[in-house]
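Dear colleague,

I am passing on a structure that I have been looking through, and my notes on it follow below. Please read them with the model open beside you.

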Amino acid sequence: MFSKAAKVLQFLSEYAQDLWLTLRYNGYSPLVERNRRQFYKLIIETHTIEKGLSLPRRRTLFGRDKVRFVMSALDAYEPDFSPLPAQMALGALDAYLRFHREQGIQDPLLDEVAALLARWQDRQLELRGGIKPYRFEGHDPAGPVAWLQSRSSLRMFDGRPLPAETVRQVVTLAQSAPSQCNRQSTQVHLYQDRATIDALLALQGGSRGFSENVGNLFVVTSEIAAWGGPGQRNQTYVDGALFSMCILLSCHALGLGACPLNLAVTNAVERRIKVAGGIPTGERLIMMIAFGKTVDEPLRVAASPRRSLDEVLHMHTGTVSP
Ligand SMILES: Cc1cc2nc3c(=O)[nH]c(=O)nc-3n(C[C@H](O)[C@H](O)[C@H](O)COP(=O)(O)O)c2cc1C
């Protein structure tokens with residue numbers, strides 16, 4: 001009895017610490033340095049423009065407010081912190097301008113974009129965002145490096161449900177994912193019914209512009225029961241995310257398109273998704289994955305350029321003095 005009560009207190013203590021860490025370090029916290037917050041904000045907002053450019057049906061002058069926001073955020077950004085957000089914003093704005101100019105569209109917004117690009121030319125930053133053409137390649141097992149580097153989130157689906165055998169093959173391959181103590185808590189829920197997919201994607205909210213072409217949808221979850229002590233409180237997400245990555249790679253290996261869809265939702269929305277998808281309450285939602293055959297036309301993906309290696313890799317090879 002005493003040890004059970006102690007465990008509950010440990011849970012409370014751990015969650016209070018998580019809360020503090022989140023409050024202290026989240027992107028809105030005034031305690032986080034401004035450049036760091038701007039870095040993420042600019043990348044996130046810019047990505048919506050390049051994603052918009054990668055969609056199957058592109059509306060003329062889409063994302064007007066977003067474009068204006070990115071322009072003002074770019075002007076307020078200090079590229080010395082890291083050039084990537086500025087390079088991405090310039091690349092995306094340049095692609096946005098070219099997309100409209102190629103169709104002969106005139107608008108004051110486009111003139112503003114052109115003026116901004118001209119203004120930034122002096123800074124001599126490489127343009128890295130926008131869209132890039134896409135072809136499935138590297139399926140030759142002799143070329144695993146090219147194969148790994150050629151995965152991209154694809155959003156141009158043909159909308160048709162895949163045969164059960166293919167879906168089973170995708171998940172079988174994904175079961176190569178490692179898991180803590182091999183406990184394999186990850187569960188994969190498949191949806192192919194139009195109404196259910198629409199209901200689930202409406203609750204998810206990140207697939208606008210291509211949701212109607214999603215004919216196959218996974219909801220990846222992790223069974224909470226597989227995790228015990230308070231030190232393990234986030235492991236559902238760790239194992240679930242590794243499994244999800246393997247699903248993306250399985251799709252890639254089989255020549256299927258796939259796009260991860262975030263489930264950064266409140267507990268209330270999580271409960272509604274569980275009801276809509278018939279998912280047991282004792283499972284934690286990890287993410288959705290839209291997947292399937294792609295359309296029979298040249299494919300486009302968001303460029304999603306990566307940070308420089310030195311911003312990511314920290315080689316603590318010598319003795320670390322605390
Ligand atoms: C956890 C997670 C959630 C994501 N959620 C969405 C989403 O809701 N909608 C979307 O279109 N793309 C989503 N993406 C795709 C990312 O935008 C994409 O992975 C990123 O830009 C890197 O590009 P790449 O996958 O083509 O390499 C998500 C990716 C991850 C890993």
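A polar side-chain atom of Ser-153 lies 2.6 Å from an oxygen atom of the ligand, which is a polar contact in the sense used here, namely a pair of N or O atoms within 3.5 Å (within protein, one must be able to donate a hydrogen and the other to accept it, and residues adjacent in sequence count only if both atoms are side-chain atoms). His-47 also places a polar side-chain atom 3.0 Å from an oxygen atom of the ligand, while a polar backbone atom of Asn-262 is 2.8 Å from a nitrogen atom of the ligand. Of the 620 Å² of accessible area that the ligand has on its own, the protein covers 73%, where such areas come from the Shrake-Rupley method with a 1.4 Å probe.

Please keep in mind that this is a predicted model, in which local features need pLDDT of at least 70 and side-chain atom pairs count only at pLDDT 80 or more, although totals for chains, interfaces and linings use all residues. Residues are numbered from 1 along each chain as its sequence is written, and side-chain values use heavy atoms, with hydrogens and water left out.

Around the ligand there are 16 residues, of which Ser-153, Arg-155, Gly-206, Ser-304 and Arg-306 come nearest; a residue is counted as near if one of its heavy atoms lies within 4 Å. Strand S4 (257-262) gives the most to this shell, with four residues, and helix H2 (34-54) supplies at least two. Helices (H or I, at least four residues) and strands (E, at least two) are DSSP runs, numbered from the N terminus.

The largest pocket holds about 770 Å³ of space, and among its 26 lining residues His-47, Arg-151, Ser-304, Pro-305 and Arg-306 lie nearest its centre. On a 1 Å grid over the protein atoms alone, a pocket is an open set of points with protein on both sides within 12 Å along at least five of seven lines, whereas a cavity is a set where a 1.4 Å probe fits but cannot get out, and lining residues have an atom within 4 Å of a point. Grid points are joined across faces, edges and corners, and a volume is the space filled by probe spheres set on the points. H2 provides the largest share of the pocket lining, seven residues.

There is one cavity of 30 Å³ or more, and the largest cavity has a volume of about 50 Å³. Its lining includes Tyr-134, Phe-136, Leu-248 and His-252.

With best wishes
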